[in-house]
Amino acid sequence: MPQPPRSRPTFPVTLPRAPVPGSAAAARTRASVVPPTPVHATPAMASDAVRQRMVQRLAAQGIADERVLRAMGAVARHAFVDGALAAQAYEDTSLPIGLGQTISKPNVVARMIELLLAAPALADQPQGRLGRVLEIGTGCGYQAAVLSQVAREVYSIERLRGLHEKARANLRPLRLATVHLLLGDGMQGYPAGAPYAGIIAAAGGADLPSTWLDQLAPGGRIVAPVQSGNTGQALVIIDKTNRGIERRLLEAVNFVPLKSGIA
Ligand code: SAH
C-alpha cells in the first residue's frame, strides 16, 4: 500500500513548551530527554539516535536546562565537520575544523549556552528566549546554529575568511534567517547589532575587550574563556546588573587564542 509522503523537517524548528524546571513534570522529562524533530538539511539520518544519546549524556553530566538539551538535540553536529570526522561528531571531544582551529566539545558548548541563558535578564523566564546574541569565533558555524535555537537573533563574527566561508556553506542548507555571519575582528564586537542580551566567545585572550562590555545590554551576560593567572584559561561570566558589573570565574577550560585583525 502506498505510504503518505512524510513531511520534511523545517528550520527553525518550533520547540514545544517544556515544563517549568524543578516541577514534577520537568523531573519526568529529564529522565528521558527526547528532543523534537531534529534539524537537517536532508531527511532523517542514522545519526539521530547517536545524537539523542549525546543529549542524554549531557543531561547526565549536569546540563539541566531543557532549552539547551533541546537545542543540542536539534542541530546535526556531524554536518559541521569533515566527512572523515563525522563518526566522532557526537563524542565528547573537540574536533579540528581547519586553519588550526577546533569546534568545542558538545559539553562545553552546552555548558556555555546554559550559563548564557541564566543571565539576570532571563532569571524570571525559565523558558524564555534570549534576545540578540553576539558570538565571537564562528568557526564552522555549529555553535551559531545551536544558539539560533535559544536566541531571537545571532550575530557571529569570525576573523579567518576561510572559516567564515566554511560556516556560510555549512549553514546555508539550514536557512537560518536569524543567524548573521560577519567577517571581522570580534575584539571590536559588532556595534551595529548592539546592545546584546548575551555575548559568548569561543576564543580566549588575556582579558575581555572592553568593547564587549560596552555592547552588552543591561541585564545581559558575557560568557567567555580568559587567561587565569599563568595556569591556563578559565570560564568567566560577566553580568551587567543594576548594581554594576559582576564578574565570576568558573572552571578551567581550553580554547584557541583570541587574536586581533582579519586573516
Ligand atoms: N564556535 C565555533 C568554535 C570555533 S573555534 C564552532 O562552533 O565551530 C574559535 C574561533 O574563534 C576560531 O575560528 C578563531 O579563528 C576565532 N577567533 C579568534 N579570535 C577572533 C577574533 N578576534 N574575532 C573573531 N574570531 C576570532
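**Reading the terms in this model**

Q: What makes the pairing of Arg51 and Asp48 a salt bridge?
A: The side chains of these two residues meet at 3.2 Å, N to O. A salt bridge needs a side-chain nitrogen of Lys or Arg within 4 Å of a carboxyl oxygen of Asp or Glu. The pair therefore qualifies. Side chains of opposite charge can pair when their charged atoms come close.

Q: What kind of model is this, and how are its residues numbered?
A: It is a predicted model, where local features need pLDDT of at least 70 and side-chain atom pairs count only at pLDDT 80 or more, while totals for chains, interfaces and linings use all residues. Residues are numbered from 1 along each chain as its sequence is written, and side-chain values use heavy atoms, leaving out hydrogens and water.

Q: Where do Arg51 and Asp48 lie?
A: Both are in helix α2 (residues 47-60). They sit three residues apart, about one turn of the helix. A helix here is a DSSP run of H or I with at least four residues; a strand is a run of E with at least two; both are numbered from the N terminus.

Q: How many salt bridges does a search of the whole structure find?
A: Seven. One of them joins Asp82 and Lys166, with the closest N and O atoms 4.0 Å apart. Asp82 lies in the loop between α3 (66-74) and β1 (95-98) and Lys166 in helix α6 (residues 161-171), so the pair ties together parts 84 residues apart in sequence.

Q: Why is Ala263 called exposed?
A: Its relative accessibility is 55%. Exposed means over 50% relative accessible area, buried under 20%, and partly exposed in between (1.4 Å probe, protein chains only). Ala263 therefore counts as exposed.

Q: What is Asp82 called on that scale: buried, partly exposed or exposed?
A: Its relative accessible area is 45%.

Q: Which residues does Ala263 touch?
A: Arg159, Leu160 and Arg161, not counting residues up to four places away in sequence. Contact means heavy atoms within 4.5 Å. Arg159 is 104 residues away along the chain, yet its C-alpha atom is separated from that of Ala263 by 6.2 Å.

Q: What makes Asp65 and Arg67 a salt bridge, and are they buried or exposed?
A: Their side chains meet at 2.6 Å, N to O.
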